[in-house]
Each structure stands twice: as C-alpha cells, then as structure tokens.
Amino acid sequence: MIQLHPIGDRVLIKPDPLEEKRGNLIIPLTGKEKPQTGTVVAVGLSCAEPKLKAGVNVMFGKHSGTHITANGEPMVMMREHELFAILSEEEPATLADAIIPSTKL
C-alpha cells in the first residue's frame, strides 16, 4: 500500500462518490459531472488553514487539481488555495462567526 504525503501547501482529497442512480433514472458515465466535494486524506506541512486536516469535508472547483489513482481509489491532489470552502454541519454561534474577516492592506 502506497502512502502519499503532500508536499508544501498541497492537499490530498478523496472525492465523494458519483451517484449511479437518481430516482428511476440511471445516468450514463458520459452524463456525470465530476464531484466538487470530498474528504481530506492528507495535508502538506505548509498549509496555512488550521481547520484543514484529515477527515474534513471540503468543496473545490470542477477542474481543480490533478486527478490520480492511489491504491485503486480516485484522489485529487491540489493546492490549498484551490479549495473553495470547508464544509461543516454545525451552526455558527453568531453571524460574525460565519463571516471570515477580510485582510486589511
């Protein structure tokens, strides 16, 4: 079994599985879109976001990163800045907690 350790600010993500069937409609492979969410498997040492760690669900762009296969599993290797959001099911305590403060120049 190969262990992948991202270098620098790279993140290794296991994309969420594609749905094979929606209701009574079976979608052919050519009609499926790439998943845009997944679970972080490993994080490089230079990643700046402290909440970004293994097991966290994230959202990324359709064409982000490099798609690879590791140990028979589809994976995506991308840079931290290509991630759109960290997905969380918990409610923020206040609106201020939900808003990321802007950086002053």
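Here are some friendly notes on this predicted model, to read with the structure in view.

1. **The main core.** The largest nonpolar core has eleven residues in all: Val11, Ile13, Val40, Cys47, Leu52, Val56, Val58, Phe60, Val76, Met78 and Leu83. Strand 1, strand 5 and strand 7 are the elements that give two or more residues to this core.

2. **Methionine 78, a core member.** Once you have found the core, pick out methionine 78, which belongs to it. Setting aside residues up to four places away in sequence, methionine 78 touches Asp9, Arg10, Val11, Ile13, Phe60, Ser64, Gly65 and Leu83. Two of the names in that list, Asp9 and Ser64, come up again below.

3. Please keep Ala42 and Ala70 in mind for the point on leucine 4.

4. **Two salt bridges.** Side chains of opposite charge can pair when their charged atoms come close. How many salt bridges does the model have? The count comes to two. In one of them, the side chains of aspartate 9 and arginine 79 meet, with 2.7 Å from N to O. Aspartate 9 sits in the segment before strand 1 (10-15) and arginine 79 in strand 7 (residues 73-79), so this pair links distant parts of the chain, 70 residues apart. Both partners are partly exposed: aspartate 9 has a relative accessible area of 21%, and arginine 79 has 32%.

5. **The other bridge.** Lysine 14 and glutamate 73 also meet through their side chains, at 3.3 Å from N to O. Because lysine 14 lies in strand 1 and glutamate 73 in strand 7, the pair ties together parts that are 59 residues apart in sequence. Lysine 14 is partly exposed at 36%, and glutamate 73 is partly exposed at 33%.

6. **Serine 64 in its loop.** Is serine 64 buried or exposed? Serine 64 counts as buried, because its relative accessibility is 9% and the cut-off for buried is under 20%. Its place is in the loop between strand 5 (57-60) and strand 6. A polar atom of the serine 64 side chain lies 3.2 Å from the backbone nitrogen of glycine 61. Not counting residues up to four places away in sequence, serine 64 touches Val76, Met78 and Glu82.

7. Leucine 4 lies in the segment before strand 1 and is partly exposed, with a relative accessible area of 29%. Leaving aside neighbours within four places in sequence, leucine 4 is in contact with Leu12, Ala42, Ile68 and Ala70. Its C-alpha atom is separated by 10.0 Å from that of asparagine 71, 67 residues apart along the chain. Asparagine 71 is found in the loop between strand 6 (66-70) and strand 7, and is partly exposed at 41%. Do check its backbone: phi is near 55 degrees, a positive value in a residue other than glycine.

8. Which residues make the nonpolar surface patch of about 280 Å²? They are Met59, Phe84 and Leu87. Phenylalanine 84 is found in strand 8 (residues 83-87). Phenylalanine 84 counts as exposed because its relative accessibility is 57%, and exposed means over 50%.

Notes
Residues numbered from 1 in each chain as written. Predicted model: local features only at pLDDT ≥ 70, side-chain atom pairs only at ≥ 80, totals over all residues. Heavy atoms only, no water. Salt bridge = Lys/Arg side-chain N within 4 Å of Asp/Glu carboxyl O. Helix = DSSP H or I, 4+ residues; strand = E, 2+ residues; numbered from the N terminus. Buried < 20%, exposed > 50% of the residue type's maximum accessible area, 1.4 Å probe, protein only. Polar contact = N/O pair within 3.5 Å; in protein donor to acceptor, adjacent residues only side chain to side chain. Contact = heavy atoms within 4.5 Å. Patch = residues over 30% accessible without salt bridge, like charges linked within 9 Å, V, L, I, M, F, W, Y side chains within 5 Å. Areas by Shrake-Rupley, 256 points an atom, 1.4 Å probe, with all protein chains shown as cover. Core = buried A, V, L, I, M, F, W, Y, C linked by side-chain atoms within 4.5 Å.
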